[in-house]
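Here are my notes on this one, point by point. Have the model open while you read.

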Amino acid sequence: MRLALGEAEAAASHGDVPIGAVVLDASGAVIARAGNERELHGDPTAHAEVVAIRRAAEAVGSGG
């Protein structure tokens, strides 16, 4: 939870809504984390959860 809160703080620092997300693997290890990046990149799909899932997919090699 602290990691997600840190991501939320980072999002707020660049003008985004302060939301963070963390993706864990089956053993509970963090494989990705992100904060909202909608304003940062001008991308309406760059919600924290979506960005974290994209990063997790890259990390495990399932980017599609």
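1. Start with the charged pairs: the count comes to two salt bridges. Keep in mind that this is a predicted model, so take the distances below as computed from predicted coordinates.

2. One of the pairs is Arg-33 with Glu-7, where the closest N and O atoms sit 3.4 Å apart. This pair ties together distant parts of the chain, with Arg-33 in strand 2 and Glu-7 in helix 1 (residues 2–13), 26 residues apart. How accessible are the two partners? Arg-33 is partly exposed, at a relative accessible area of 37%. Glu-7 has 18% relative accessibility and so counts as buried, because the cut-off for buried is under 20%.

3. The other pair is Glu-37 with Arg-55, and here the closest N and O atoms are 2.8 Å apart. Again distant parts of the chain are linked: Glu-37 lies in the loop between strand 2 and helix 2 (38–41), Arg-55 belongs to helix 3 (residues 48–60), and 18 residues separate them. Glu-37 comes out as buried, since its relative accessibility is 13%. Arg-55, at 34%, counts as partly exposed.

4. Now have a look at helix 3 itself. Its 13 residues reach 18 Å from the first C-alpha to the last, close to the 18 Å expected at 1.5 Å a residue.

5. Which residues of helix 3 are buried? They include Ala-48, Val-51 and Ala-52, and Ala-56 and Ala-57 are buried as well. And what do the buried residues of helix 3 pack against? Their partners are strand 1 (20–24) and strand 2.

6. Last, the surface. Leu-3, Leu-24 and Val-30 make up a nonpolar patch there, with about 240 Å² of accessible area together. Val-30 belongs to strand 2 (residues 30–35).

Technical notes. Residues are numbered from 1 along each chain as its sequence is written. This is a predicted model: local features need pLDDT of at least 70, side-chain atom pairs count only at pLDDT 80 or more; totals for chains, interfaces and linings use all residues. Side-chain values use heavy atoms; hydrogens and water are left out. Patches are made of residues with over 30% relative accessible area and no salt bridge: like charges are joined within 9 Å, nonpolar side chains (Val, Leu, Ile, Met, Phe, Trp, Tyr) within 5 Å. Accessible areas come from the Shrake-Rupley method with a 1.4 Å probe; for residues, only the protein chains shown count as cover. A salt bridge is a side-chain nitrogen of Lys or Arg within 4 Å of a carboxyl oxygen of Asp or Glu. Helices (H or I, at least four residues) and strands (E, at least two) are DSSP runs, numbered from the N terminus. Buried means under 20% relative accessible area, exposed over 50%, partly exposed in between (1.4 Å probe, protein chains only). The expected span of a helix is 1.5 Å times one less than its number of residues. Contact means heavy atoms within 4.5 Å.
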